[in-house]
Amino acid sequence: MTEIVSPTDHDRLLIIDFGSQVTQLIARRLRELNVFCEIHPFNSVDDAFLAEFKPKAVILSGGPSSVIDDGSPRPPSKVFELDVPILGICYGQQVMMEVLGGKVERGHGTAEFGRAYVTPGAEKLALLEGWFEDDREQVWMSHGDHVSRIAPGFEVFGTSPNAPFAITADTSRNFYAVQFHPEVHHTPNGAKLYENFVKLAGFEGDWTMRAYREEAVAAIREQVGDKKVICGLSGGVDSSVAAALLHEAIGDQLTCVFVDHGLLRKNEAQEVVTMFRDHMNLHVIHADEVELFLGELDGQSDPETKRKIIGRLFIDVFQKYANEIEGAEFLAQGTLYPDVIESVSFSGGPSVTIKSHHNVGGLPEKMGLKLVEPLRELFKDEVRALGRELGLPDSFIGRHPFPGPGLAIRCPGEITREKLEILREADAVYIDQIRKHGLYDEIWQAFVAILPVRTVGVMGDGRTYDFACALRAVTSVDGMTADYYPFSHEFLGETATRIINEVPGINRVTYDITSKPPGTIEWE
């Protein structure tokens, strides 16, 4: 993994991560305010790091630990000597109090999980400008321990029934601490609190996609020089934007390899190749390896086995075509900032594998190429904004996420050519319906899954015995959690009728209303 090279021309905010599941949301809220920030695990932040990073402000995240326990995470004491504003959130508040001379105790009836209401203290606080217009604010709490004594110099500016020190501050040092999570949507006015904090810190909001585009182009040219670059192009948002940015920076030094594994949506391969080769004048190799992939997938039904076959073949195929490009020294990937964050555990401990992910992360070591990742500082919404800045059409920029294994994981059980063709047609009708009703941009992801069962039906005067399919559509902010989209019964009925009438091989349509968790967005 290459190092994170931070933009030096922007004021930077440091988020010290103590393991909260929603730390990424803090960064997203700040990026939405055009503030550049980075997340770093607490155990990677030392005095030398702070001296090099030079943060203009610091946020201490939440986390699952208890500050009372021996060996619990701590920020370096140097953080509190930087003379910059600091905001502690949940565990971040508690560790701030503990380190600065306050006291934290176990729950004993003061735990809060879920929605709570905070009422203001007697004094005004700049951090809370725009809050408490109705004399209270809804917030999202998730804490077992609680602050029982605030640190010297701090005052109370907000309380909740089980958190008497829900909002505290030492205004002389610009230290602020809240027991709740302002980054989650369940704290409706949380974005305003972050806006106030960055104003207090003096950020100018200079983190824009126009500026990033110029900086990224210059950085790519400096890194690559006159050498050749290979880019794996899938047609998804990330690889498309990466390819467009690289092409702007180095032109004909870039060659894109589009691996067609036969698991794409209807007409997708043709659309991608036409878009980038014919309209954007990129050099694109169309690696048509449908027979290879489908041949090895024949008879396989286990989801993990299918993913691993596709991942292995993808690497083999990519390497085969890349070897034909003489003099290539760099491999470009559409790695995003969430991928960078998730690659490093805050504690270094193991995590549970829900499903294997398919990407080209193993290629650099195998191919001996140096890595260029022009999007590794961006979140997904920022990638879309950069794509628009680069002039990519909304038909590509606004596309729903599509998994690397493609339709293989939307076809539970064995994969056959017949099922894939049926699935492509049904999915095309479904997406057409969503677009026709003006719902596409309201939905995070929508697709059809073909089920590994056949059901009896009646069409005309005849009996049918065809496949059933499931429609899936979810809303989400970041893909970490999701809920099903509440289509009207009229829409579902109309869509089911169209699919059954227009797609031979399907005689039954269902709608998946499972949230994530407990389900995943995809079916496998």
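Predicted model: local features only at pLDDT ≥ 70, side-chain atom pairs only at ≥ 80, totals over all residues.
Reader: What conventions apply to the model?

Author: Local features need pLDDT of at least 70 and side-chain atom pairs count only at pLDDT 80 or more, while totals for chains, interfaces and linings use all residues. Residues are numbered from 1 along each chain as its sequence is written, and side-chain values use heavy atoms, with hydrogens and water left out.

Reader: Which residues of H5 are buried?

Author: An α-helix has 3.6 residues a turn, so residues three or four places apart point the same way. Helices are DSSP runs of H or I with at least four residues, and strands are runs of E with at least two, numbered from the N terminus. H5 spans residues 209–224. Its buried residues (under 20% relative accessible area, 1.4 Å probe, protein chains only) are Met209, Ala211, Tyr212, Ala216, Val217, Ile220 and Val224. Gly225, with a positive phi near 65 degrees, follows H5.

Reader: How much area is buried between domain 1 and domain 2?

Author: The size of an interface is often given as the accessible area lost when the parts come together. Here that loss, summed over both parts with a 1.4 Å probe, is about 1100 Å², and carbon and sulfur atoms give 57% of it. Gln24, Arg28 and Arg31 supply 48% of the area that domain 1 buries against domain 2, more than any other three residues. The bounds, from an automatic or database assignment, are 13–201 for domain 1 and 209–398 for domain 2.

Reader: How many salt bridges are counted between domain 1 and domain 2?

Author: The count is 2, each requiring a side-chain nitrogen of Lys or Arg within 4 Å of a carboxyl oxygen of Asp or Glu. Arg28 and Asp381 form a salt bridge at 3.7 Å, N to O.

Conventions: Expected span 1.5 Å × (residues − 1). Buried < 20%, exposed > 50% of the residue type's maximum accessible area, 1.4 Å probe, protein only. Buried area = accessible area lost by both parts, 1.4 Å probe.
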